[in-house]
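Subject: Structure handover

Hello,

Here is the structure I promised to pass on. Please open it alongside this email.

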Amino acid sequence: MTGQIANNERFQALVSATSDVVYRLSADWELMYELDGRGFLKSTSAPITGWKQVNVYAADMEMVNAAIARAIEAKSMFELEHRVNRADGSIGWTVSRAVPILDEQGEIKEWFGAATDISARKFAEEALQAARDEAIRLQQVYETVTANTPDLVYVLELDYRISYANPALLRTWGKSWEQAIGKTFLENGYEPWHAEMHEREIDLVAATGQQFRGEVSFDHAVLGKRIYDYLYSPVLDVNGKVVSVSGIARDVTERKNEELAKQKLSDDLAAINEEMAATNEELSASNEDLVVTKGLLGGALDKLLRSENKLRDLIANAPVAIGLLKGRGMVVETANQRILEIWGKNESVIGKPLVEALPELIGQGFLEILDEVFVTGVAYVAKEEYAVLEGREWFLSFVYQPIFGNDGAVENILITATDVTELVRSRHQFAEAEASLRLAIEAADFGTWWIHSGTREFVTSDRTKHLFGFNPTDRITIEDAIGQILPEYQQYVSDKLEAAIYGGGHYDVSYPVIGLHDRTLRWLRAIGDLKKDPSGAFSAFTGVVMDITAAHLATEKIERAEQNLRMATDAAGLGSFYINLKDRELVASDKLKALFGYMPEEQLSYRDALKQIPEEYRQEVDLRIARSIKTGERFEMEFPVTGLKDGKVRWLRAIAAIQHQAGRKDDYFTGVFHEITEYKMDEIRKNDFIGMVSHELKTPLTSLNGYLQLMERKARKVDDQITASTSANALKQVKKMSGMINGFLNVSRLESGKIVLDKSHFDLNELIAETVADVLYLETGSQIFYEGCAALVVFADRTKIESVLSNFLTNAIKYSGSGTPITVQCGLFGDSARVSVTDSGQGLMPGDLEKIFERYYRVAENSNISGFGIGLYLSAEIIQRHGGRIWAESEHGAGSVFSFELPLN
């Protein structure tokens, strides 16, 4: 009791001292005594059963039960990472560890354990993987878009050097990737004034972090004079610092030429109006001037018509969307093919008011803007404006340009638009993926790093600096970081890094570091990849670094434990083996080969091993192994083998079980062999002695039984009730003594392999009825209830099955109170006949239940009840030799149920 109180006090101290969920369980894990869930799991203040259904995630239940069974069987620490039902109803993750508390006999009394909440780490790992996948997908989309767009897309470093250029830009320059990348505008053939202008703009974007838009005109060596509209955008790192500048430029030469042509047309119309005004003034003065004026007017009209036709051709064939609206009613006068595609209409809309042609514009604000342009005469310029046309979403950059009449009033509005939908969506998706990746990295407590493969510039996050022992404000180089790695690992890490940078391979390295300032030893794992640009060259090497100190130390601990286990196995002289269940290949240790008389270098197959077992044991060994593999039950057996080379007979004890491991493709059957020759020879001599003594005892007992029967009959004839009663009681004791002697003889025969099954077909129902009657005759005052069952014909040894039934019944009587009812039931279950004996006696503790069928085992609290612990052992051996199954179910203080099953054939 004092030890239990001390255990409780230590348990409560542990619960108070740790942030983990601490729990205490019964030896069979069915009863949880108390649980402080710490807000992670549901708490309980009283012992409960069924806690697994409450706390363990259903999909992981089988894995958890298997791990519990292995821990109980091995009496070793339970350790498992699995999902749980959290207190708030959500699913979480835990790593649970429990240790067995053993009593003085080395049996498990209870379990102490702790569960650590690792949900955040698990969810971060899942989120990080999802973000990586999405980032890769978006990167592929982005590179596909930039590779196929006619726009010029490029990236500039802050030293003005080009680090990326899409194929359209390389074609414009007439250069290859190798000729252009890493060079400045000046080195790529730009005129000094042009290059210096862009350098000033890059400096402005880097300083302000804002976009810059411009337009530039220059003479191209092949294409002549070209005009480009361009946009510079800042590229930020995780800290919001500008690290480079992205640029996109579009050739707007044709659009500018169209604007110039339209302006020239407007100028021509103005000149014609002036000429017409002068002509009208002169008309009143001279008819001859009228003729001249008509000629001039006709020529002007022809010129105007030609200009108008030319303008219409330009609009129809323009690569941008163009439309012309007439009057404040916004009648569609002209619409080229591109704008019709965006509108989702055909040429039938020409001649209709815009509100009638595109009713979906109502409520989107565009009609109001057009009306304002018509009223004010001020052009409206929009960039990446959102619109929904015919149910389709667009992002458009457009201009509403008013066209004035001779009176200075707006007569028409010219619409020019460019579809930038894919560009906007790609930019948004990339930004979202980048934000998600940043959040995932921060949640997982990872550090990030970036290395320029050319300049070897090294950019790290604050977390990376911390892992290497630097302060956030410290500037570090690759050499600084490698300098914190333990000397014996430095060359290894450097070689891996260089191989990944120059070979383009995946980088995944673990190593120990000593922090520069904090002098803390950490084990780190760095993972990275070299990013390729479209030309196939390498540009940047990026990755993450994480603290794996705890995992590394745990791995080392496991390796040491495995080494200690191997040393213990060798020291104990145990031979070990495992059998792959897929191909039944046997892998044996050198010690096991020696036990079977093989040399270490020789191959020992499963069939070879069976051949070394004597014939009278061989089939039984093979059958028991097959049954253990099929049912998953533990294999334990003693048998002799004859050495192949030395011919020596050795007795071995084999213990094995099926092993299931998560992540393994095949299960396997593994175990150990221990030589027990000396012990077995002593046991054989002991059994021979017991057999001899038992035979010697049976002779006088047989005579005594005869004398007592004769005495009882004579006493009843003369009506001597005292002598008759005394003789009857003496006969019962003689029968019990004969039963115990027969038990010892059967043990002796069983262990010497001389017990034989005399099988025949018989009705199990009749045998049960006869056995119940016999036991009631000997045990007067007992209550045994048997209602009988349908005829069950089995093929078995009738005498030995009767002894099993008799043992079940006499045990039920012995361990129950006087007159306590005992129930016998039988029935058909599948291909087997089942018999059960139920009592309401004192029941068994879980620890006793596991060992109740072992030889000579007796429950400690029943030491005052006669017996030697061989009845149930013999019963189990008899049933197992029939290919059947025997088991017991019990609850302490509530009685027991002993059952066995026999195959019908």
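Below is what I found, going from the whole chain down to single residues.

Please note that this is a predicted model.

Overall picture

The chain has 905 residues, and 39% of them are buried. It holds 26 helices and 33 strands. Take the contacts between residues at least 6 apart in sequence: 50% of these join residues at least 24 apart. The accessible surface is about 49,500 Å². Carbon and sulfur atoms account for 54% of that surface.

Nonpolar cores

The largest nonpolar core contains 37 residues. Leu764, Ile768, Ile801 and Phe900 have the most contacts inside it. The biggest contribution to this core comes from helix α24 (residues 798-814), which supplies 7 residues. A second core is separate and has 31 residues, including Leu358, Leu367, Phe398 and Tyr400.

Look at isoleucine 768 in particular. Setting aside residues up to four places away in sequence, isoleucine 768 touches Tyr786, Leu805, Val824, Cys826 and Val835. Cys826 takes us to the next point.

The disulfide

How many disulfides does the structure hold? The count is 1. Cysteine 789 pairs with cysteine 826, with 1.8 Å between the sulfur atoms. The S-S torsion is about -115°, so this disulfide is left-handed. Cysteine 789 sits in the loop between β28 (783-786) and β29 (793-797), while cysteine 826 sits in strand β30 (residues 821-829), so the pair ties together parts 37 residues apart in sequence. Are these cysteines buried or exposed? Both cysteine 789 and cysteine 826 are buried.

Strands β9, β10 and β11

Strand β10 (residues 224-236) pairs with two strands described here. Strand β9 (residues 212-220) runs antiparallel to β10, and 9 bridges join them. In that pairing, serine 217 is opposite isoleucine 227 of β10. Strand β11 (residues 242-251) also pairs with β10 in the antiparallel sense, over 9 bridges. Here tyrosine 228 is opposite aspartate 251 of β11. The β10-β11 hairpin has 5 residues between its strands. In this hairpin, glycine 240 has a positive phi near 80°.

Aspartate 151

Aspartate 151 is in the loop between α4 (119-148) and β7 (152-157). Its relative accessible area is 9%, so aspartate 151 counts as buried, the cut-off being under 20%. Which residues does aspartate 151 contact, leaving aside neighbours within four places in sequence? They are Asn166, Ala168, Ile248, Ala249 and Arg250. With arginine 250 there is a polar contact, side chain to side chain, at 2.7 Å. Aspartate 151 and tyrosine 230 are 79 residues apart along the chain, yet their C-alpha atoms are separated by 9.6 Å.

Helix α26

Last, helix α26 (residues 871-881). Of its 11 residues, 8 are buried, so α26 is largely enclosed by the rest of the structure. The buried ones are Leu872, Tyr873, Leu874, Ser875, Ala876, Glu877, Ile878 and Ile879.

Where to look

For a quick tour, go to the disulfide of cysteine 789 and cysteine 826. Then see the side-chain contact of aspartate 151 with arginine 250. Finish with the buried residues of α26.

Best wishes

Notes: Residues are numbered from 1 along each chain as its sequence is written. This is a predicted model: local features need pLDDT of at least 70, side-chain atom pairs count only at pLDDT 80 or more; totals for chains, interfaces and linings use all residues. Side-chain values use heavy atoms; hydrogens and water are left out. Buried means under 20% relative accessible area, exposed over 50%, partly exposed in between (1.4 Å probe, protein chains only). Helices (H or I, at least four residues) and strands (E, at least two) are DSSP runs, numbered from the N terminus. A nonpolar core is a set of buried Ala, Val, Leu, Ile, Met, Phe, Trp, Tyr and Cys residues joined through side-chain atoms within 4.5 Å. Contact means heavy atoms within 4.5 Å. A disulfide is a pair of cysteine sulfur atoms within 2.5 Å. A polar contact is a pair of N or O atoms within 3.5 Å; within protein, one must be able to donate a hydrogen and the other to accept it, and residues adjacent in sequence count only if both atoms are side-chain atoms. Accessible areas come from the Shrake-Rupley method with a 1.4 Å probe; for residues, only the protein chains shown count as cover. Two strands pair if DSSP finds at least two bridges between them.
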